[in-house]
Amino acid sequence: MDMQGSAVARYPELYPRNYLIMSKHKMTDRWVQSFASAPGRRAEVGDLLCPGLYLRCSARGAKSWSLLVRVQGKVRRVTLGRYPVLGLAAAREDALRLMREAAAGVGIGAPDPVPGRTLGEVLEAYVEHIAKNARSWKLIASNLRRPEMADLRAREVGAVAKRELVEVIDSIAADGTPHAASSLLRHLKMAFNYAVERDMMPVNPLDKVRPPVRTTQRDRVLTDVELASVWHAAGNLPQPWTAMYRMLMLTGQRRSEVSNMRWEEVSHDTWIIPRERVKKDRPHMVPLTLAARTLLDSLPMPASGKGFVFSTDGGKSASSNFHKSKAKLDDTSGVEEWVIHDIRRTVRSGLAALGVSRDVARAVVNHADGKVDAIYNRYDYATEKREALGKWARHLEALVKT
């Protein structure tokens, strides 16, 4: 069947001379295995079940798969792989995937990069115009500026492939921090959606990429023995870490709230966390027990009375190397399989065990209320919170003395 097929007639630049073009065939594994070209000539046949997929056979009998696909108005040939390493079913699957990506404008169908606009510029535009409106914008910005993203951020946005982004996310997950990888993926998707809306990118390349780990709700609560062990182990840490971990245990506040505590937020036996640093849209009052005040008194306060409480540079910046201090806590306390946030859950559960009402316990840890309560219930439970944290401090003191 030596005939000039429509493909070679329409796209002669894709075909060398002296090519034997055969009619399309409904391929089967047995047929592909037996397919051969004429002596001294190369041959190609198309697949009837997967238009665009072609099987080539060299003059020496070597077979390979290729795909003719239209990309940005031009027909391109993409080599898929050698047969039999790549079988018929796999070749069809790869061909369909590439055609879908080309139609969506990603992968081989990605448009030419926009000159001058780097991925870093796109991500920074998102941080500046959108993310800064969120309370957690510093976390979002930090994620998008991770050192693992540095090489990709420096390149033009259209030249960054989906595969490269996924490789960065997978590498972070492989380093033992899958939740950090999931967080980066989530924030990249948000940034790319912003870029697509403003015509900076044609599509979101990570739109259907699944996170490397399923986010599950933790239920770990430290036992009384474990809590006492962590308290004592914290005493072996250098300051300000000793005071910081014990403040977490005495107040039940979020790690970010405690670690970024400032001297100007403290007045005698009361700590007011400003609305900018809490999830609720109003400041949060935390009563400070005698034990909590004693912790603060053990730390040096700048002469100005301002700055970060838990700091190693005179209040200029907050201490943030939790990984190192947490690892030492694990080694010295003997407590296993816990995270810092479990302390907060332990305090909340401990308040309930001490007979503190649900509403007061929720107020202590500043848990979000229902929408109706948030609007109508403006009572701050100041007296009740002070009594509750007093009970908790006495309970904790009894634990660490035994």
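Lysine 391, setting aside neighbours within four places in sequence, is in contact (heavy atoms within 4.5 Å) with Leu354 and Val356. Lysine 391 itself lies in helix 17, residues 382-401. Helices here are DSSP runs of H or I with at least four residues, strands are runs of E with at least two, and both are numbered from the N terminus. Because its relative accessibility is 37%, lysine 391 counts as partly exposed; buried means under 20% relative accessible area, exposed means over 50%, and partly exposed is in between, using a 1.4 Å probe and protein chains only.

A word on what you're looking at: this is a predicted model, where local features need pLDDT of at least 70 and side-chain atom pairs count only at pLDDT 80 or more, while totals for chains, interfaces and linings use all residues. Residues are numbered from 1 along each chain as its sequence is written, and side-chain values use heavy atoms, with hydrogens and water left out.

Now over to arginine 254, in the loop between helix 10 and helix 11 (255-259). Arginine 254 is buried, since its relative accessible area is 14%. Not counting residues up to four places away in sequence, arginine 254 touches Leu248, Lys279, Arg344, Val365 and Asn366.

Next, look at how helix 10 (residues 241-251) packs with helix 12 (residues 290-297): the angle is about 165° and the axes are 10 Å apart. Axes are lines fitted to C-alpha atoms, for helices over the stretch in contact, with angles from 0 to 180 degrees between N-to-C directions. So helix 10 is roughly antiparallel to helix 12, a label for angles over 145 degrees. From helix 10, Ala243, Arg246, Met247 and Leu250 meet Ala291, Ala292, Leu295 and Leu296 of helix 12. The residues of this contact split into seven nonpolar, no polar and one charged; Ala, Val, Leu, Ile, Met, Phe, Trp, Tyr, Cys and Pro count as nonpolar, Asp, Glu, Lys and Arg as charged, and the others, Gly among them, as polar.

Finally, the strands. Strand 6 (residues 266-267) runs antiparallel to strand 7 (residues 270-273), joined by two bridges; strands pair if DSSP finds at least two bridges between them. Serine 267 stands opposite threonine 270 of strand 7. The two strands form a hairpin with two residues between them, and histidine 268 in the turn has a positive phi of about 55°. Strand 7 also pairs with strand 8 (residues 284-287), again antiparallel, over four bridges. Tryptophan 271 has valine 286 in strand 8 as its bridge partner.

Terms used:
Angles under 35 degrees count as roughly parallel, over 145 as roughly antiparallel, 65 to 115 as roughly perpendicular and the rest as oblique.
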